[in-house]
Amino acid sequence: MDLWFTENHTRNVRFSMKVDRQLYSGRSEFQRIDVFDSLEFGRVLVLDGYTMLTEKDEFMYHEMIVHVPLCAHPAAKSVLVIGGGDGGTVRELTRYPGVERIDLVEIDEEVVEVCKKYLPQTASKLDDARVRTHFEDGLKYIRHHEAEYDVIIVDSTDPFGPGEGLFTREFYGNCFRALKDDGIMVNQHESPFYDDSAQAMQRAHARIVHSFPLARVYQVHIPTYPSGHWLFGFASKKYHPVKGVDWDRWEALRIPTRYYNTKLHAASFALPTYVEAMLREGE
Ligand code: SAM
């Protein structure tokens, strides 16, 4: 029997993976959650019909959302992750001996439970002693924190459903306030390629520029995301993402990676001309 999972990447484009077996399907208070084994990408987590991660390419997303800010910041100790209930971002953060505190704010407890059961590859470090998990809306959590974090990582779903509030001006302004004087915020920034997500990324960039003195965008290749071309936002109070970065400090940590390296870090801020134009237009 041929069983396929199909996701609408746009109204006119679809992406399909051949399914080996379905492992979990349920509806939480916030979203529908599915987990299945695919023949090409291994285990897959899907929320409301959208692929969140696959075993085969999650390292590209998680390494780039974590190691870029943790390399650019010379001494991050206190990190906040908003979203990220699959645990992949936390897993990468626990590789840093200097990180003393990781607050994970995930709206949906069921995502964490399902990932602990079916996705140990990403969820394995959620029980690390430095991790405190808060089951709460990130938009509300951030209102009550000031000058607490060195790095904030917004590892959210797309700007609709429960993730919508995490793309607002209010949210970015509150992230600015929750960061220390030299803090960095990184967020998943959608794709520049298809119209709907390109508009979302322009809007997000314009709002971040409004809230932070330094706002840049960097790119990553994620085969299972729409168009495969994805962006992250890098917003900072003090540190530039490339100039003045102490690359040797990061190399000396000897963190094992499969996608990230310091040359790629610097290069990922060089964007295609049409993306630069879109960002300028949004500003
Ligand atoms: N890598 C993923 C992507 O871009 O497709 C994101 C992965 S992660 C599973 C996203 C998480 O953000 C989900 O578990 C979702 O429940 C959580 N989330 C969505 N809105 C949220 C909110 N307002 N506050 C906290 N967590 C939220």
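Here's a quick tour of the ligand and the residues around it. This is a predicted model, where local features need pLDDT of at least 70, side-chain atom pairs count only at pLDDT 80 or more, and totals for chains, interfaces and linings use all residues. Residues are numbered from 1 along each chain as its sequence is written, and side-chain values use heavy atoms, with hydrogens and water left out.

**Who's around the ligand**
- The shell has 24 residues, and Gln 31, Glu 106, Asp 137, Gly 138 and Tyr 225 come nearest (near means a heavy atom within 4 Å).
- By type, the shell splits into nine nonpolar, nine polar and six charged residues, with Gly counted as polar and Tyr as nonpolar.

**Polar contacts** (pairs of N or O atoms within 3.5 Å)
- Asp 137 puts a polar side-chain atom 2.8 Å from a ligand nitrogen.
- Tyr 225 has a side-chain N or O atom 2.9 Å from a nitrogen atom of the ligand.
- At Ser 156 a polar backbone atom lies 3.4 Å from a ligand oxygen.
- On its own the ligand exposes 600 Å², and the protein buries 99% of that (Shrake-Rupley method, 1.4 Å probe).

**Where the shell comes from**
- Domain 1 (3-54) and domain 2 (58-282) each give at least three residues to the shell; the bounds come from an automatic or database domain assignment.
- Strand E5 (50-54) and strand E7 (101-106) each supply at least two shell residues (strands are DSSP runs of at least two residues, numbered from the N terminus).

Notes. A polar contact is a pair of N or O atoms within 3.5 Å; within protein, one must be able to donate a hydrogen and the other to accept it, and residues adjacent in sequence count only if both atoms are side-chain atoms. Helices (H or I, at least four residues) and strands (E, at least two) are DSSP runs, numbered from the N terminus.
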